[in-house]
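These entries record what I looked up about aromatic rings and their surroundings. The model I consulted is predicted.

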Amino acid sequence: MSKDRRQYFYRLATTSRKYYLPYLSPYVTIGKGVKVLEIGCGEGGNLLPFAQAGCDVLGVDLSEDKIRSAGSFFAEEGAEGRFIASDIFAVRELEGQFDLILCHDVIEHIMDKEEFMRRVRRFLRPDTGLAFFAFPAWQMPFGGHQQNCRNKLLSHLPYFHLLPKGVYGWMLRCGRESPEAVKELLEIKQTATPVERFEKLIKDGGFQKVDRCLWLINPHYEVKFGLRPRRLFRFPASIPWLRNFYTTSCFYLLR
């Protein structure tokens, strides 16, 4: 099992314990009897602190390898959790069950965002369920996930994902990225999620915005890069479109 996967699992668990739980705690009880679903759970790191707090946790992810890793990592920690390898659009038996749904770095990868939001709403417990979304604003320096490029220059090049699609794809191919990587990065460009697009999804999906926090420095950057998290200042956060260039992570809590 990959050392990098295990490290990533614990990094996510650290950020979840230090920042997600405190952010959510004023609005939802974190403890025994609370049912938590994470869509796109990966190896399950975000869910570990919730499980250790006594929540009944379920993780769903497309990757069978990641789901197997999630089960193994939870077993190593003596934590209880259930994990399903599936496309969330294919899951039918979860409607109306969850007090809390986590969608961390997922919405920016979804093509049919409207249907995804409808699915999230159906999975929530009626009237009381809450959904937590965290995602990078599209126009932020690495909103295209180009940090995942194998080419060192491209992986450290901010904002170039904002170039026209043809130019962006050409640069990726010139950097000798694999066809699979080029395809994935171009798809992310197609499914881009600026703050304004997500705000429209909230309104069109019939959700109520309980809270929003825009981050100048993503809380996960603390464990990843040793940077102190900072919220985006109120004035730039209030300017539509411009705020996307400075927002490395968006936290939303919806009912």
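I next looked up the rings of Phe9 and Tyr10. By the pairing rule, I had a count of 19 aromatic pairs. The centres of Phe9 and Tyr10 are 5.0 Å apart and their planes stand at 85 degrees, so I classed this pair as edge-to-face. Phe9 has 0% relative accessibility and I recorded Phe9 as buried. Tyr10, with a relative accessible area of 30%, went down as partly exposed.

I then returned to Tyr19 and Trp215, which form an edge-to-face aromatic pair, with 6.5 Å from centre to centre and 80 degrees between the planes. Which elements hold these two residues? I found Tyr19 in helix H1 (residues 3-24) and Trp215 in strand S6 (residues 209-217), so the pair ties together parts that lie 196 residues apart in sequence.

I also asked which residues make up the aromatic cluster that includes Tyr19 and Trp215. I listed Tyr19, Tyr20, Tyr23, Phe132, Trp215 and Phe251 as one cluster.

My last entry concerns a charge over a ring. I noted that Lys35 lies over the face of Phe98, at a distance of 5.6 Å from the ring centre.

Terms used. Residues are numbered from 1 along each chain as its sequence is written. This is a predicted model: local features need pLDDT of at least 70, side-chain atom pairs count only at pLDDT 80 or more; totals for chains, interfaces and linings use all residues. Side-chain values use heavy atoms; hydrogens and water are left out. Rings of Phe, Tyr and Trp (its six-membered ring) pair if their centres lie within 6.5 Å; planes under 30 degrees apart count as stacked, over 60 as edge-to-face and the rest as tilted. Buried means under 20% relative accessible area, exposed over 50%, partly exposed in between (1.4 Å probe, protein chains only). Helices (H or I, at least four residues) and strands (E, at least two) are DSSP runs, numbered from the N terminus. A charge sits over a ring if NZ of Lys or CZ of Arg is within 6 Å of the ring centre and within 35 degrees of the ring normal.
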